[in-house]
Amino acid sequence: FCAVNCLDQHVRKSPESVALIWERDEPATEVRITYRELLETTCRLANTLKRHGVRRGDRVAIYMPVSPLAVAAMLACARIGAVHTVIFAGFSAESLAGRINDAKCKVVITFNQGLRGGRVVELKKIVDEAVKHCPTIQRVLVAHRTDNKVHMGDLDVPLEQEMAKEDPVCAPESMGSEDMLFMLYTSGSTGTPKGLVHTQAGYLLYAALTHRLVFDYRPGDVFGCVADIGWITGHSYVVYGPLCNGATSVLFESTPVYPDPGRYWETVQRLKINQFYGAPTAVRLLLKYGDAWVKKYDRSSLRTLGSVGEPINQEAWEWLHKVVGDSRCTLVDTWWQTETGGICIAPRPSEEGAEILPGMAMRPFFGIVPALMDEKGNVMEGGDVSGALCLSQAWPGMARTIYGDHQRFVDAYFKAYPGYYFSGDGAHRTEGGYYQITGRMDDVINISGHRLGTAEIEDAMSSHPAVPETAVIGYPHDIKGEAAFAFIVLKDNVGDSDMVLSELRSTVATKIAKYAVPDQILIVKRLPKTRSGKVMRRLLRKIITGGAQDLGDTTTLEDPSIITEILSAYQKHIDKRAAGQ
């Protein structure tokens, strides 16, 4: 179903139109792939999967960076009715293994190595390490991004050689509208990541419609979403939405600052990109390098700019609009989630020339009916109100379940406000009825657009033998949006605390990913707890965000003197950092 809508229908009409422009890590070495070529590659890969025992309903892990072969791998799974789970190629072996085991994947598809920002990433080594702990894996299909040889073991199959033997035609499996299309793991406020399930028809319809209408996509446009395919943004607005609409979609393999901070805008000029969809964290980073890097390049092809991943702050919005877009491009700040499958709130579509307010998602998309809830669970009416952002009716793109744990799905999204989907985000509704997202309401932090449960970082740090207790919170960071701050308690007999801190950083990098490593770690004698033993993270957040004068109700604290103790340790920490800079 999805593969036919994304490929076959366009191949019948215009086989030589360009489906993908692969903007490789090395600038000005882009590769164009037509719809006909992408269909042939997809069919060869689909036949290879079938030959290696992958059947309808089987799960396939894709651990690959942004590349045409990764897109073909997704579509090949869809073509034969297998379920793909793309795992971001920045995750550690332990994170990869956890996801493979949860999904009970039969096959992993990967590259020998990846390239990003001029650096080589040892993908195959990470897969080898992960697969040792994955009993369900029967085959590892290894493609080549570089010419370097890697160790090939008993499970490993050289992918390009196998594909060359296969027929470039593969009859698509006939799928039901509610059959699984893919799973994508997302962090929750408690422990293990959740494998969210998206199904065939509703998801594709929603991705295609939002892509066309939110970004004003027109036939012949070059659509540039710079997200990684390991996230939902890459699924919906690099792969499924654009390809269903017959668009030319840019695959961006590199980073915003490689080889210099003009990379995005040089790419816009060279590829004549019409829509640019990126994350606030990259915008904030580039803003610091000044306007010259932007103005150096011709951006006149741009019509629509989009922001995704977290609420965009006013300064970044203004810079993107005025400097990058020359104050003439439509700027859409989009709110949505892995769970929603596609954009739910955005300034467009709307009447011709309707106003767009800075840093605001504003208007619900067709069929999206938001509701703001107060602390007692009542719907808040009217304007100028803030509350928990819920959606009050179903929409085609919504996730259907958490793989293997439907009760967790119900508890996570439908229990807090019965009859409503709870997003986990807070929002403000203006007098004019427009929505502004205020950020996460639970223990989930958003680091550079990566959603991460504080519990995941705590679990990783607590595995260190010298650390009996830890509490992690998010705090505002001027580039990443949020960063992680860890409070740790050490056992009494620990000699070299600096050594422990270094080990903790590498533990988090190994167990989760490098971006999850806390920016700051503070050693404290104990954590502030209630009489029932619950850590009061609210107080820790206030201490590090400068709100220590107004800590609110602390009557439930087991020992109020702990506040002075932590404040004193935190002050020494600040002084030490200031002296070191």
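## Loops and backbone

P349 lies in the loop between β16 and β17 (370-373), where helices (H or I, at least four residues) and strands (E, at least two) are DSSP runs numbered from the N terminus. The peptide bond that joins R348 to P349 is cis, with omega at about 5°. This is a predicted model, in which local features need pLDDT of at least 70 and side-chain atom pairs count only at pLDDT 80 or more, while totals for chains, interfaces and linings use all residues. Residues are numbered from 1 along each chain as its sequence is written, and side-chain values use heavy atoms, with hydrogens and water left out.

A cis bond also leads from Y258 to P259, with omega near 0°, and P259 belongs to the loop between β13 and α9 (263-271). Phi is positive at A28, a residue other than glycine, with a value near 60°, and A28 sits in the loop between β1 and β2. D384, in the loop between β17 and β18 (385-391), is likewise a residue other than glycine with a positive phi, here near 55°. Its relative accessibility is 52%, so D384 counts as exposed (over 50% is exposed, under 20% buried, and in between partly exposed, with a 1.4 Å probe and protein chains only).

## The open sheet

Seven strands make up an open sheet with mixed pairing, in the order β2-β1-β13-β12-β14-β15-β16; two strands pair if DSSP finds at least two bridges between them. At the edges stand β2 (31-34) and β16 (330-333), and because each has a single partner strand, one side of each is left without a neighbour in the sheet. On average, neighbouring strands of this sheet are turned by 20° against each other, direction ignored.

Strands β1 (residues 18-23) and β13 (residues 248-252) run parallel and are joined by four bridges, and I21 stands opposite V250 in β13. Helix α2 (residues 35-51) packs on the sheet, where it touches β1 and β2, and its direction makes about 80° with that of β2 (axes are lines fitted to C-alpha atoms, for helices over the stretch in contact, and angles run from 0 to 180 degrees between N-to-C directions).

## A buried arginine and a helix face

R284 is part of helix α10 (residues 280-287) and, with a relative accessibility of 8%, counts as buried. Its side chain makes a polar contact of 3.0 Å with the side chain of E310 (N or O atoms within 3.5 Å; within protein, one must be able to donate a hydrogen and the other to accept it, and residues adjacent in sequence count only if both atoms are side-chain atoms). Leaving aside residues up to four places away in sequence, R284 touches, among others, P311, N313, D478 and K480, contact meaning heavy atoms within 4.5 Å.

In helix α5 (residues 123-131) the buried residues are L123, K124, V127, A130 and V131. Seen down the axis of α5, these buried residues fall within an arc of 120°, so they line one face of the helix; the arc is that of the directions from the helix axis to the C-beta atoms.

## Aromatic rings

Rings of Phe, Tyr and Trp (its six-membered ring) pair if their centres lie within 6.5 Å, with planes under 30 degrees apart counted as stacked, over 60 as edge-to-face and the rest as tilted. By this rule there are 28 aromatic pairs. The rings of F182 and Y240 have centres 6.3 Å apart and planes at 10°, so this pair is stacked. Because F182 lies in strand β10 (residues 180-186) and Y240 in helix α8 (residues 232-244), the pair ties together parts that are 58 residues apart in sequence. F182 is buried at 0% relative accessibility, and Y240 is buried with a relative accessible area of 0%. F215, F223, Y237, Y277 and W336 form one aromatic cluster.
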